[in-house]
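This report goes through one structure part by part. Please look at the sequence and the model before reading on.

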Number of protein chains: 2
Amino acid sequence: MGDQIVAVKAKRGQRSKESIREDNELIILAAAEKVFAKHGLKGSTTKQIADVAKLPKSNIHYYFHTKLNLYRRVLESIFVEWMKAAEPFNTYDEPKEAIRFYVGAKMDLSRTRPFGSKVWANEIISGAPEMEEILSSRLKKWVDTCVSSINTWVELKKINSMGDAHTFLYMIWATTQHYADFDYQLIILNNGKKLTDSEFEEKKQQVIDLVLRSVGIEP
Amino acid sequence: MGDQIVAVKAKRGQRSKESIREDNELIILAAAEKVFAKHGLKGSTTKQIADVAKLPKSNIHYYFHTKLNLYRRVLESIFVEWMKAAEPFNTYDEPKEAIRFYVGAKMDLSRTRPFGSKVWANEIISGAPEMEEILSSRLKKWVDTCVSSINTWVELKKINSMGDAHTFLYMIWATTQHYADFDYQLIILNNGKKLTDSEFEEKKQQVIDLVLRSVGIEP
DNA sequence: ATTTAACCTGACCAAGTGGTCAAATATTTT
DNA sequence: AAAATATTTGACCACTTGGTCAGGTTAAAT
């Protein structure tokens with residue numbers, strides 16, 4: 001990411017005000033996501049974010065005014081990406097396919113954008129003070145449709161019943177996000193080695209198979 | 001000094017130096033766990049901890065010297081309790097029983113001591129800087145024995161193979177700890193209502209059944 | 001009873017903290 | 001070209017931070 005910042009800054013010199021703002025906002029958002037992921041809202045400082053973004057601190061305040069404002073923007077952008085990964089549940093009719101693609105997409109997100117997942121986790125752990133609206137309206141709505149999909153599959157005897165469909169959904173969330181949020185722990189328990197791309201693909205398949213079997217679908 | 005004298009002194013409002021230290025350390029540790037759970041190491045302040053403990057800030061420093069020191073003591077105490085819950089995996093031979101009791105114990109811990117789980121999660125998310133030793137030696141050791149138990153069950157055809165036994169173990173961790181770490185999210189998605197004890201018992205059973213089925217055991 | 005050792009805490013400090021601002025610079029508009 | 005607008009940033013400020021410490025109180029040992 002550092003290289004990206006350097007590249008963008010190097011290119012500057014003859015660009016429109018509009019694109020300057022656009023670029024800098026992206027740079028700052030990326031830096032903020034990284035820092036917030038590590039230390040949460042309270043534990044992060046605007047100075048840290050500025051250093052990662054390689055900009056003066058005043059610049060961060062110029063574009064986002066307050067730390068809280070910047071934080072909210074980060075949360076919002078994560079939520080958007082999150083919802084994109086959630087589409088499979090509504091686009092596939094067969095549970096085997098829907099679950100396979102959804103779990104796969106969530107695993108991919110954990111791999112490619114772990115910081116976002118961590119910011120989200122941090123926010124929830126600290127009581128979700130800045131996300132209650134997102135959770136109780138937008139996420140809740142998606143969860144409801146998702147739960148009714150699962151219930152339909154149960155009624156059609158396509159999957160085993162698990163009592164409350166939420167339990168199954170939460171298992172998917174927890175298991176997939178674990179590979180982002182707890183990645184440091186996983187590395188340490190893997191003798192200090194990060195999973196290679198192909199090892200991660202394998203992991204993904206294993207997770208998908210476990211999830212499918214948990215509701216009685218033979219992979 | 002006889003117990004009678006101690007009792008009398010206690011009645012008069014006097015406490016022995018030893019019990020004063022013991023009591024205050026416990027009070028401070030409990031307060032610290034609560035605060036660290038919410039804001040992590042960097043985001044928590046000794047003043048907040050002092051306020052929750054209802055003691056002057058200097059008192060916190062008197063007993064634990066530094067914030068980091070107090071934080072390490074909290075982590076250590078959580079790890080100890082965690083390992084206690086982990087015993088079933090070594091005391092039951094049959095996977096069905098071992099898994100049932102282990103998952104049950106972890107769910108119970110999420111219910112009764114959610115702050116500890118959150119402190120742990122926070123620490124891992126922020127890169128586990130204070131826990132590398134605990135993770136790479138003590139936790140690693142337990143994981144290794146656990147993995148070999150699972151592998152044995154696979155060889156004896158008592159459970160389905162999931163490729164890497166770690167995948168299964170991590171699924172258990174993630175799913176059970178989710179009920180502690182993400183409790184605020186669960187409450188919001190449950191229309192603002194916390195689960196009652198009996199509802200939680202039900203959830204616990206559902207989780208156990210999902211986990212068992214994921215490796216091909218009919219509950 | 002007196003000394004010793006542990007406990008207690010308000011006052012204090014140096015090092016940050018989020019945020020402001022004015023002045024300098026760069027781009028756009030007229 | 002000049003006025004208007006947007007970006008950049010060092011200097012600055014009121015406030016909070018973790019941590020210290022002196023001087024007091026309380027319990028234990030002599």
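## The surface near DNA strand D

The residues of the surface near DNA strand D comprise five nonpolar, eleven polar and six charged ones. Here Ala, Val, Leu, Ile, Met, Phe, Trp, Tyr, Cys and Pro count as nonpolar, Asp, Glu, Lys and Arg as charged, and the others, Gly among them, as polar. A residue is near a strand if its C-beta atom, placed from the backbone, lies within 6 Å of that strand. This is a predicted model, in which local features need pLDDT of at least 70 and side-chain atom pairs count only at pLDDT 80 or more, while totals for chains, interfaces and linings use all residues. Residues are numbered from 1 along each chain as its sequence is written, and chains are lettered from A and ligands numbered from 1 in the order in which they are written.

DNA strand D is surrounded by 22 residues, of which S58(A), S16(B), T45(B), T66(B) and K67(B) are the closest. At least two residues of this surface come from each of α2 and α4 of chain A and α3, α4 and α5 (67-85) of chain B. The biggest contributor is α2(A), with four residues. Element names follow DSSP runs, numbered from the N terminus: helices are H or I runs of at least four residues, and strands are E runs of at least two.

## The surface near DNA strand C

Around DNA strand C there are 22 residues, and S16(A), T45(A), T66(A), R21(B) and S58(B) come nearest. Two or more residues each are given by α3 (46-53), α4 (57-64) and α5 (67-85) of chain A, and by α2 (17-43) and α4 (57-64) of chain B. Which element gives the largest share of the surface near DNA strand C? That is α2(B), with four residues. By type, the residues near DNA strand C are five nonpolar, twelve polar and five charged.

## Chain A as a whole

Chain A has twelve helices and zero strands. Its C-alpha trace spans about 60 × 40 × 35 Å along the principal axes. Of the 219 residues in chain A, 41% are buried. A residue is buried if 20 or more other C-beta atoms lie within 10 Å of its own, exposed if 12 or fewer do, and partly exposed in between, with C-beta atoms placed from the backbone.

Two residues are in contact if their C-beta atoms, placed from the backbone, lie within 7 Å. Among contacts in chain A between residues at least 6 apart in sequence, 62% join residues at least 24 apart.

## Two crossing helices in chain A

The axes of α8(A) and α10(A) cross at roughly 110° and come within 8 Å of each other. Axes are lines fitted to C-alpha atoms, for helices over the stretch in contact, and angles run from 0 to 180 degrees between N-to-C directions. On the α8(A) side the contact involves P114(A), S117(A), K118(A) and A121(A), and on the α10(A) side Q177(A), A180(A) and D181(A). These residues divide into three nonpolar, two polar and two charged.

## Helix α3 in both chains

In α3(A), the buried residues include I49(A), A50(A), V52(A) and A53(A). They lie on the same side of α3(A), because they cover an arc of only 165° around the axis. The arc is that of the directions from the helix axis to the C-beta atoms. After α3(A) comes K54(A), with a positive phi near 55°.

In chain B, I49(B), A50(B) and A53(B) of helix α3 (residues 46-53) are buried. Their arc around the axis is only 100°, which puts them on the same side of α3(B).

## Where chains A and B meet

In the contact between the chains, 44 residues of chain A meet 44 residues of chain B. On the chain A side, two or more residues each come from α2 (17-43), α8 (114-125), α9 (132-155), α10 (165-181), α11 (183-189) and α12 (197-214). That side holds 17 nonpolar, 16 polar and eleven charged residues.

L189(B) lies in helix α11 (residues 183-189) of chain B. Leaving aside neighbours within four places in sequence, L189(B) is in contact with L135(A), K140(A) and V143(A). L189(B) is partly exposed, with 19 other C-beta atoms within 10 Å.
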